[in-house]
Amino acid sequence: MTTLIVNEEVMDEVRADPLLSVENFAVEFATGHGWSRVVDDVSFSVRAGETMGLVGESGSGKSVTAMSIMRLIPTPPGRIAAGRILFEGQDLLALDEPQMRKVRGNHIAMIFQEPLTALNPAFTIGDQLVEAIRAHRKVTRKQAGDRAAELLDLVGIPGARQRLRDYPHRFSGGMLQRAMIAGALACSPKLLIADEPTTALDVTVQAQILTLLRGLQQEFNMAMLFISHDLGVVADICDRVAVMYAGQIVESATVYELFERPLHPYTEGLLLAMPQHGKPTDRLVPIPGVVPEAASVADRCRFETRCRYAADECRAAPVPLTSYGPRATRCVRSKDLVLGGTS
Amino acid sequence: MPIQYIVKRLISLLPVLLIVSIGIFGLTYLIPGDAAVTLAGESASPERIEAIRTELGLNEAPLVQYWTWLSGVLHGDLGTSLYMHVPVTTELLRRFPVTISLAIGALVVTIVGGLAGGIAAALRRGTWVDRLVQGGASVGIAMPSFWIALILIVVFAVNLGWFPAIGYTSISESPTGWLQSITMPSVALGAAGAAVVARQLRGSLIDVMNMDYVRTAKARGLSPRRIVAKHALKNAVMPILTLLGVQVAYLLGGTVIVEQIFGIPGVGKYIYDSVFTLDLPVVQGAVLVIALLVVLINFLVDISYGFVNPKLRQE
C-alpha cells in the first residue's frame, strides 16, 4: 500500500473555475442494432491558459469528444446522450445552432489532423482567412486583409502578404497547418482544440508546429485541448492529461505525475509501448489484444480483457473514476498496484 | 487565365473542326434518295435528272465536291437552298437568333431546375424533398422531349390557355409575347437536362459536404447558407460543367424536334424541313453551324474549369 501525495498548490488550481468543464458526458451513435455508446461518462476540465491533453488509441472516443465540444458531430447518426459541456459557465449543449455558431471560431477554435484537406482548394489562403475574421468581427475587407497578413506572419510564414494570394495547393503540409492555426487564431479564441494537429506531418515539421503552438499559447494566454495518440507529443506540450480507453477516461493527472507514476494499468501499458529519447531501449512492450467494443465489457472494467493485473474484482462491476486529490483513475486495484513510470 | 493557354486551346480546335466538316459532308451521302430525282419531280425524264445532277455538281468526284463546299464555307458561303433559292447563310442568320433564344431558355431551365433540385435533395437527404427530386429526375430523364411538349400543350395551352400552343413571337416585336411563346418549348427542351444536372449535383454535393474543408468552415462559425453557396457549391459544380457541355449538344439537337412541334421558325425546323426535301446545302450548312456552336461551348466549358479549379490554371 502506498500513499498518494497530494500537492496543495495543484489542489488550489483545481478548485479555480475552469474555462471548459465537461461533465458526465456521453455520445451515442446509431448502429444496425440500436445505439452504441462511443463516449461514456467523460468528465474533465480545461483552465484558462493551460494545455490539457486527451490521449488514447483510435476509436477511444477522443476525437468524438473534441468534435462534440464544438457540436460538430453529425446528428443523426450521432446523439448526445448525457452530460453537460460548460464553457465559461454556459452549457454549450443548451445553445441553439445560431448561438453555437457565435461560439465556433470565435471563443473556441479548432484545428485538425489533415492540413492538406482542411482548407478549401478552390479559394485562396487569404480569402479563407478574411472569411474566418469577418465571420465574427465587423471589419472591412481591407482591415481583415491586413489582419490576415498579420496572422500569417505570426504563424511564421515568410512573405505573408504575398502568400495570401496563393491557393492551398501551393503550400506544403506544414505551411498549411500553420495557415490553419492562423485561421484558428483569427478571432483570438479563449480555447483552441487541436485534434491530432501534428499526426500527418514529418517529425521535424511536427516539432516546429508544437513549438509554434506552445509559443502562441503563452503569447495569447489561450487554453488548449490537445488531442493525440502520441504520449511523447503530449509530454512535450501538455500541462495535464486525460487518458481515454474504449470511450471512457481511465486516468487523469498532470503530465509529470502521469509519466512518473501511472495509476492505471492501461497508462502503464502505453508508457511501456513508447520509445524514449536518450535511453537505449531493449524492447518495446505492446499491449496485447485490441480495444473491445464498449457494449461487450459494459459490466466490468473495460480494460480487464487486456490487463495483466486483472483479478476477480475487476470483472465484478463497472469501475467508476475515483479521485485522489488532483488525480483520478478508473482502476479498482489502483491502491494495491505499484505501476512503473518512465523515470 | 493566361492568354497563351486560351490561344493554344483554340488552335487545337482546328483539326476537330476539319474532322467535323468531313463528317457532315460525308453523312449527307448516307441520306437515302437522290436530290436530283426529288428536285426534278415525279414524272421527269432521265435526261432531265441527269442535267440537274450535272448542274448541282453531283457527278463530280466526292473529294472535288467536298473541296468546292469547304472553300465556299471558308468564305462564309454555305451554298444556296435547292428549293427556296435563298443563300443558306442568309437564311441561317435570320433563323439563328430564334434558335439561340430557345436554347438559352432551355439552358436556364436546365441550370435553374438542376441547381435548385440538386441542392434541395442533397441538403434534405433522405426526406420527402429528396425523394421528390429523385423521382422527378427519373421521370425527366425517361420522358422524351416531344412527349413533354405534347403534355405541356394539352395542359397549359389547350386546357388552361396560359401559353400559345404554337408559334413564335420575336423579342423585338413583343417581349412578353416572346416570353410566352418560348416558355413551353424551353421547358420541354430543358427538362431532361435539369433532371441530369439535379441528379449529378445531388451526388457531388453530398460528397463535398463530407469534405474536411466543409468541417473547417463549420468550425469557424460560418452560416450554413455560406458554407453551401460558397464552399461546397464551387467544388461540387465541377462535374456539372462537363455535363453542361454535353447537355448543350443534346439541347441543340433537340431543337429539331421541339421547333417542329411548336412551329418555331428556327434552325432546327429548317433542318427538319430540308432533310425531307433532300435540300443538301441547307442540311450541311445548318448542321455545320450547330456543330461549330457545340465545339465552341465545350471550349468555353474547358476554359471555365480553370476558374473553378485553380490547380488547372497554372498548367
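Helix H6 of chain A, in this predicted model, spans residues 141-154; its 14 residues reach 20 Å from the first C-alpha to the last, close to the 20 Å expected at 1.5 Å a residue (1.5 Å times one less than the number of residues). Helices (H or I, at least four residues) and strands (E, at least two) are DSSP runs numbered from the N terminus. Residues are numbered from 1 along each chain as its sequence is written, and chains are lettered from A in the order in which they are written. Because the model is predicted, local features need pLDDT of at least 70, side-chain atom pairs count only at pLDDT 80 or more, and totals for chains, interfaces and linings use all residues, while side-chain values use heavy atoms, with hydrogens and water left out.

Within H6(A), the buried residues are A:Ala144, A:Gly145, A:Ala148, A:Ala149, A:Leu151 and A:Leu152 (buried, under 20% relative accessible area; exposed, over 50%; partly exposed in between; 1.4 Å probe, protein chains only). Seen down the axis of H6(A), these buried residues fall within an arc of 160°, so they line one face of the helix; the arc is that of the directions from the helix axis to the C-beta atoms. The face turned away from the buried side of H6(A) carries the exposed residues A:Lys142 and A:Asp153. Helices H5 (125-134), H7 (160-163) and H8 (173-185) of chain A are among the elements that cover the buried residues of H6(A). Just after H6(A), A:Gly156 adopts a positive phi of about 85°.

A:Leu152 is in contact (heavy atoms within 4.5 Å) with residues including A:Ile125, A:Leu129, A:Ala179 and A:Ala182, neighbours within four places in sequence being left aside.

A:Ser21 lies in strand E1 (residues 20-31) of chain A and is buried, with a relative accessible area of 12%. Beyond its neighbours within four places in sequence, A:Ser21 is in contact with A:Phe44, A:Ser45, A:Arg84, A:Ile85 and A:Leu86.

For chain B, UniProt lists residues 96-301 as "domain: ABC transmembrane type-1" in an unreviewed entry. Over residues 96-301, chain B is 83% helix and 0% strand, with the end C-alpha atoms 22 Å apart.

Conventions:
UniProt positions renumbered as here; feature names shortened; annotations may be inferred.
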